[in-house]
Amino acid sequence: MANRQIEIENKAMKEILIAMHNLGGQVTRKQVLQELHDNSEVFSEKEIDETRTSKKSGKVYHPFQWKFNFAVKHLILAGFIDTENGRDLELSKKGRNVDIDNFDADRDVRTISEGKMPHHKTHNKAEKVSADDRDDSEEVDEPWRQQLLDALIKMNPKKFELFCRGLLTKMGINVDDEIGVQYVADGGVDGFGYVRSDDYRTTRVALQAKRWQGKVSAPEIDKFRGVMDKFNAEFGIFITNSDFTRKAVKTAREGTRIITLINGDQICDLVAKYNYYVEPVTTYRLKGFYLDKD
């Protein structure tokens, strides 16, 4: 168990550095994880998405995410990543200049980070702890996000259409007065609108939002391209309360007309960004000073 965990964390460290370089060096923890989910050649989509239920708490968790979080923590402690709040990550000078081809996590990271880990004195024991006893310790608890996604899946058709129309308007899309946004039989909405990108250019955009329990697959993206052809749209936006398969992401990027994909997590981000039927509240999270065992 311990050796296998260390092996996965070491691979994750290299993948995290590659992802951060690809994303420009200044990103959120969530964006890095999404980049691995969509593009990693080391970790499969299935491995990243796997869920288990804790025998102790009964909570559903992602085993890969806490390995990912430990990998990030090692990189922070070894000076490859800078962060002030644990969520927003930035490559340090050391991280920006790392030789990825010759990077060795044991040599370049663990020799520095192990002694700085809060659990260092009991590290060997800690490595053997079952995943059932771990939580995604670096993730901020934001229950409203799941509450929002649960509410969307339960909305009646008229209310879901209203939600989509309003969110698209907030995003700067002028919904067509005649075609508009309409609820369709498969549990989603189809629509058409316009985006004005500057003082003189307006772009036609096809819109689709689907409420799905599972992931949206590549064939659904292909079908949406047919909708784009019908409306002679220059680009498309496909929204789902769930997520997209890795193949769907690749399919959306193919061809001359790119399709923008918005998953459930990004819906939450947009709702928060535009304060769309949500009310922000202030809370506090304890830093390591209070939680670390000295």
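Which residues touch the most other members of the largest nonpolar core? Point 2 has the answer, after a quick look at the whole chain.

1. **The overall picture.** Keep in mind that this is a predicted model: local features need pLDDT of at least 70 and side-chain atom pairs count only at pLDDT 80 or more, while totals for chains, interfaces and linings use all residues. Residues are numbered from 1 along each chain as its sequence is written, and side-chain values use heavy atoms, with hydrogens and water left out. The chain has 13 helices and 13 strands (DSSP runs numbered from the N terminus: H or I of at least four residues for helices, E of at least two for strands). Of its 294 residues, 44% count as buried, meaning under 20% relative accessible area with a 1.4 Å probe, protein chains only. Among contacts (heavy atoms within 4.5 Å) with a separation of 6 or more, 63% are between residues 24 or more positions apart.

2. **The largest core.** Ile16, Leu75 and Phe103 are the ones that touch the most other members of this 28-residue core. A nonpolar core here is a set of buried Ala, Val, Leu, Ile, Met, Phe, Trp, Tyr and Cys residues joined through side-chain atoms within 4.5 Å. Two or more residues come from each of α1 (2–22), α2, α4 (63–77), β5 (88–91) and α6 (105–113), and α1 gives the most, with seven.

3. **Phe103 up close.** Leaving aside residues up to four places away in sequence, Phe103 touches Met13, Lys14, Leu17, Leu75, Phe80, Val98, Asp108 and Val109.

4. **A second core.** There's also a separate core of 24 residues, which includes Leu148, Leu149, Val181 and Ile239.

5. **Strand β11.** Look at residues 235–240: five of the six are buried, so β11 is largely enclosed by the rest of the structure. It pairs with β9 (residues 202–210) in the parallel sense over six bridges; pairing takes at least two DSSP bridges. Leu207 has Ile237 in β11 as its bridge partner. β11 also runs parallel to β13 (residues 259–262), joined by four bridges, and Phe238 stands opposite Leu261 in β13.

6. **Where α2 meets α11.** The axes (lines fitted to C-alpha atoms over the stretch in contact, with angles from 0 to 180 degrees between N-to-C directions) of α2 (residues 29–39) and α11 (residues 246–253) come within 8 Å and cross at roughly 85°. That makes α2 roughly perpendicular to α11, a label covering 65 to 115 degrees. Leu36, His37, Asp38 and Asn39 in α2 meet Arg246, Val249, Lys250 and Arg253 in α11.

Terms used: Parallel < 35°, antiparallel > 145°, perpendicular 65-115°, else oblique. Buried < 20%, exposed > 50% of the residue type's maximum accessible area, 1.4 Å probe, protein only.
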